[in-house]
Amino acid sequence: IGVLNFDAHFDLRAGDLGTSGTPFRQIADDCAARSWPFRYACFGVSRPANTAALFARAQALNVCWVEDDQLAAWQLASAQATLAGFLEQLDVLHLSIDLDVLPAANAPGVSAPAARGVELCVLEALIDQALASGKVRLAELAELNPNFDIDGRTARTAARLLERIARGR
């Protein structure tokens, strides 16, 4: 089982209370307690939006990650190769999309709008690749905040992504 997370943040923060910044650390801890492998990939990581401690934790946990500035459209083939390598290790995939991975122009309705982000066309291509693997058993979208959403822009983008996932492409 593995998790593919499209997110500007690792969400590997330590803490006893669950927050939006701790879910994958909690999964890692549970996997360790059960002697299970922790397979987690995070695509779209923003270096300025994560601490050095989070990068160190990701490295210690053997996280597969691709930073947002490595996910331009012209770099898609490299990202797809990285994703293919991650998917090869798995039988089952949990697909998690944090809307703050998108540029602020597409997703202003999040708690931490991205200064750079990952363009929607790149995100869709990578989602399609994950879906084509036949391994996705769970998909979720996270962190839509209607209070910050300009003209429903983030909600419409989220609906588009959900429709794509439901359609299987």
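V3 stands opposite H94 in β4, and that pair is a handy place to start looking around. The strands and helices named here are DSSP runs, numbered from the N terminus, with at least four residues (H or I) for a helix and at least two (E) for a strand. This is a predicted model, so local features need pLDDT of at least 70 and side-chain atom pairs count only at pLDDT 80 or more, while totals for chains, interfaces and linings use all residues. Residues are numbered from 1 along each chain as its sequence is written, and side-chain values use heavy atoms, with hydrogens and water left out.

β1 and β4 pair in the parallel sense over five bridges; two strands count as paired if DSSP finds at least two bridges between them. On to β5: β4 pairs with β5 in the parallel sense too, over six bridges. Here H94 stands opposite L138, and I97 has L141 as its bridge partner. In general, strands of a sheet pair through backbone hydrogen bonds, either parallel or antiparallel.

Step back and you'll see five strands forming an open sheet, in the order β3-β2-β1-β4-β5, with parallel pairing. β3 (64-67) and β5 are at the edges with a single partner strand each, so one side of each has no neighbour in the sheet. From one strand to the next, the twist averages 10 degrees; axes here are lines fitted to C-alpha atoms, for helices over the stretch in contact, and angles run from 0 to 180 degrees between N-to-C directions.

How many residues of β4 are buried? Six of the six are, so β4 is largely enclosed by the rest of the structure. Buried means under 20% relative accessible area, exposed means over 50%, and partly exposed is in between (1.4 Å probe, protein chains only). Both faces of β4 are covered, with L93, L95 and I97 buried on one side and H94, S96 and D98 buried on the other. Helix α3 lies across β1, β2, β3 and β4, and runs at about 165 degrees to β2.

Next, have a look at helix α4. Spanning residues 120-132, α4 has 13 residues and reaches 18 Å from its first C-alpha to its last, close to the 18 Å expected at 1.5 Å a residue; that expected span is 1.5 Å times one less than the number of residues. Eleven of the 13 residues of α4 are buried, so to speak mostly covered. What covers them includes β1 (2-6), β2 (40-45), α3 (76-88), β4 (93-98), β5 (136-142) and α5 (153-167), where contact means heavy atoms within 4.5 Å. Just after α4, G134 takes a positive phi of about 75 degrees.

A nonpolar core is a set of buried Ala, Val, Leu, Ile, Met, Phe, Trp, Tyr and Cys residues joined through side-chain atoms within 4.5 Å. The largest one has 33 residues, and those with the most contacts inside it are L4, F6, F43, L123, L126 and I127. β1, β2, α3, β4, α4 and α5 each supply at least two residues of this core, and its largest share, eight residues, comes from α4. Apart from this core lies another, of 14 residues, including V3, F10, F38 and V45. As for L126, its contacts include F6, F43, L71 and L83, leaving aside residues up to four places away in sequence. In soluble globular proteins, nonpolar side chains tend to be buried together.

The structure holds eight salt bridges, each a side-chain nitrogen of Lys or Arg within 4 Å of a carboxyl oxygen of Asp or Glu. One of them joins R160 to E124, the closest N and O atoms being 2.6 Å apart. This pair links distant parts of the chain, with R160 in helix α5 and E124 in helix α4, 36 residues apart. E124 is buried, with a relative accessible area of 8%, whereas R160 is partly exposed at 44%. Salt bridges that share partners join E124, D128, R160 and R164 into one network.

Another salt bridge is between R25 and D29, whose closest N and O atoms are 3.3 Å apart. Both lie in helix α1 (residues 23-33), four residues apart, about one turn of the helix. D30 forms a salt bridge with R34, with 2.9 Å between the closest N and O atoms. D30 is partly exposed at 34% relative accessible area, and R34 is partly exposed at 45%.
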